[in-house]
Amino acid sequence: MSSIFALADCNNFYVSCERVFNPKLIGKPVIVLSNNDGCVVARSEEAKSFGIKMGVPVFKIEDIIKANNILVYSSNYSLYGDMSQRVMNSLKEFVPKIEIYSIDEAFLDLSDFGNYDITKYCREIKKTVEKWTGIPISIGISSTKTLAKIANRIAKKSKKAKGVLDLTENTFHKQALESVGVSDVWGVGRSYSDFLTKSGINNAMQLRDADSNYIKQKMGIEGVRLINELKGTLCYSLEESPPPKKGITVSRSFKTPIKTIDNLSEAIANFISIGAGKLRKEKASSGEVSIFIMTSRFNKEGYYSKSKKYILAVPSNDTSELLSFALKSLREIFKKNCTYKRAGIMFGKIVSEKYVQQDLFDNKNRKRSKKLMETLDKINIKMGTSTIKYAAQGLSGNPGWKPACKRRSKRYTTDWNSLPEVIS
DNA sequence: TCTGGGGTCCTAGGACCC
DNA sequence: TCTGGGGTCCTAGGACCC
């Protein structure tokens, strides 16, 4: 039996989320910015029509924003995360085998639905998700994930497809693949796109028919898989349960650069606290704590970037313990007279809490530590983040390391104080 | 003035072993 | 003068994704 994959993808997801709670935004040009209000990460169709590109720094398009009354929002990840869950839960009502691929995309395994009218069924899914969540989606269908991505792309753009396109039949492949530029193929980024174009390979069809030995030299095994997937040969199967995380990173750019070790320590302490909380949520411990600090990479003279890794004798998820290693590392790599623009922490060597190897000379009271962390997490979940925190995280109400998000919408779905008001 | 953040996989090359 | 070869493990860096 041949496989059938669908890719369900939310249209302009972050903008669509904002619109659900603020219908006045419908029909208007809207953009959503990255953390720190740095780059554009989502655009409504109206905003796209003004030539605003994905990922462009906002300061470069201030003129376009003003001239066209484009509405600008800081990103509101708790809202988007919650809306994402609603979309995914709705999809699960229709298809049992689903892989949540990103915050706004899911692969659906429709192989068992071969007897259905797939297009009709997907239209039904689309309609229902939109009704239940308010988020518009597009669905592309084909025999491999890579082809389903392409089908989805065309489904979004083509007026005729109206958001759903079934590209399972080979007869339509030539026309479809020729219409997709090689840089828009899943797995082809800037660098490979340059290489392919220089080799005369400009669209997905030409890539499909390219010599795979030649492609392998430059793009490695992934390039060969790509060609096979375009031909309809399965290389990537559905992954229903995500593999456990291999690393956890928490990092931020600073709106106001940091000069002192005290302020940097405060930032690092907060990153450790966030990261350790993520570890405990995964019921995992880390055996390797790294920290890194850097000045701006756009400041050519005097660019300083350094990291330091600390290997733990016994993996841990205890905030205070991880914190002490991180702050020790910071004292070792901190250099005076630098203006730091960005810093972060990484937890590596992640293992399940259950399998933590005991160290014979370990003199820490692990049971007590576990209890303390459980209590801390409980209180912070109930009362709000950072109700209880370590002194090293800083007591000032408005720390300089916090990212600027001046244009954030309310946390409509995850904060009692932000429930939408009904005005009669 | 102002350029996100969190991930994954693959490969090449060095260290080390016998 | 002449300095093996094959295997494994680890790491850094590059490429990609959203």
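Lys-245 is partly exposed, with a relative accessible area of 45%, where partly exposed denotes values between buried, under 20%, and exposed, over 50% (1.4 Å probe, protein chains only). In this predicted model, local features require pLDDT of at least 70 and side-chain atom pairs count only at pLDDT 80 or more, whereas totals for chains, interfaces and linings use all residues. Residues are numbered from 1 along each chain as its sequence is written, chains are lettered from A and ligands numbered from 1 in the order in which they are written, and side-chain values use heavy atoms, with hydrogens and water left out.

The side chain of Lys-245 meets that of Glu-282 in a salt bridge with an N to O distance of 3.6 Å, the term being used for a side-chain nitrogen of Lys or Arg within 4 Å of a carboxyl oxygen of Asp or Glu. Because Lys-245 lies in the loop between H10 and S9, and Glu-282 in the loop between helix H11 (261-281) and strand S10 (284-295), the pair ties together parts that are 37 residues apart in sequence. Helices (H or I, at least four residues) and strands (E, at least two) are DSSP runs, numbered from the N terminus. Glu-282 is also partly exposed, at a relative accessible area of 41%. By the stated rule, the count of salt bridges comes to 15.

Another of these salt bridges is formed by Lys-308 and Glu-332, whose closest N and O atoms are 3.0 Å apart. This pair links distant parts of the chain, with Lys-308 in strand S11 (residues 305-316) and Glu-332 in helix H12 (residues 319-333), 24 residues apart. Lys-308 counts as partly exposed at 27% relative accessibility, and Glu-332 counts as partly exposed at 48%. A salt bridge within a helix is provided by the side chains of Lys-48 and Glu-45, at 3.3 Å from N to O; these residues are separated by about one helical turn because they are 3 residues apart in helix H2 (residues 45-48). Relative accessibility is 29% for Lys-48, which counts as partly exposed, and 48% for Glu-45, which is likewise counted as partly exposed.

Strand S1 (residues 5-10) is mostly covered, with 6 of its 6 residues buried. Phe-5, Leu-7 and Asp-9 point one way from S1, while Ala-6, Ala-8 and Cys-10 point the other way, and all are buried. S1 pairs in the antiparallel sense with strand S7 (residues 137-142) over 6 bridges, pairing being assigned if DSSP finds at least two bridges between two strands. Strand S6 (residues 105-109) also runs antiparallel to S1 and is joined to it by 5 bridges. Asp-9 stands opposite Ser-138 in S7 and opposite Glu-105 in S6.

In strand S10, Ser-286 is buried, with a relative accessible area of 0%. Its side chain reaches the backbone oxygen of Gly-348 at 2.8 Å. Not counting residues up to four places away in sequence, Ser-286 touches Leu-279, Leu-312, Pro-315, Ser-316, Phe-347, Gly-348, Lys-349 and Ile-350, contact meaning heavy atoms within 4.5 Å.

DNA strand B is surrounded by 22 residues, the closest being Ser-34, Thr-249, Ser-251, Ser-253 and Arg-342. Sugar and phosphate account for 67% of the atoms of DNA strand B that come within 4 Å of the protein. Phosphate oxygens of DNA strand B lie 2.3 Å from a polar side-chain atom of Arg-342, 2.6 Å from a polar backbone atom of Thr-249 and 2.9 Å from an N or O atom in the side chain of Arg-225. Two or more residues of the surface near DNA strand B are given by each of helix H10 (212-231), strand S9 (248-258) and strand S12 (340-352), and the largest share, 6 residues, comes from S9.

DNA strand C is surrounded by 13 residues, of which the closest are Ser-102, Lys-149, Gly-187, Gly-189 and Tyr-192. For DNA strand C, sugar and phosphate account for 100% of the atoms that come within 4 Å of the protein. A backbone N or O atom of Gly-187 lies 2.9 Å from a phosphate oxygen of DNA strand C, whereas a sugar or linking oxygen is 3.0 Å from an N or O atom in the side chain of Asp-104. A polar side-chain atom of Glu-105 lies 3.3 Å from a sugar or linking oxygen of DNA strand C.

Conventions: Near = heavy atom within 4 Å. Polar contact = N/O pair within 3.5 Å; in protein donor to acceptor, adjacent residues only side chain to side chain.
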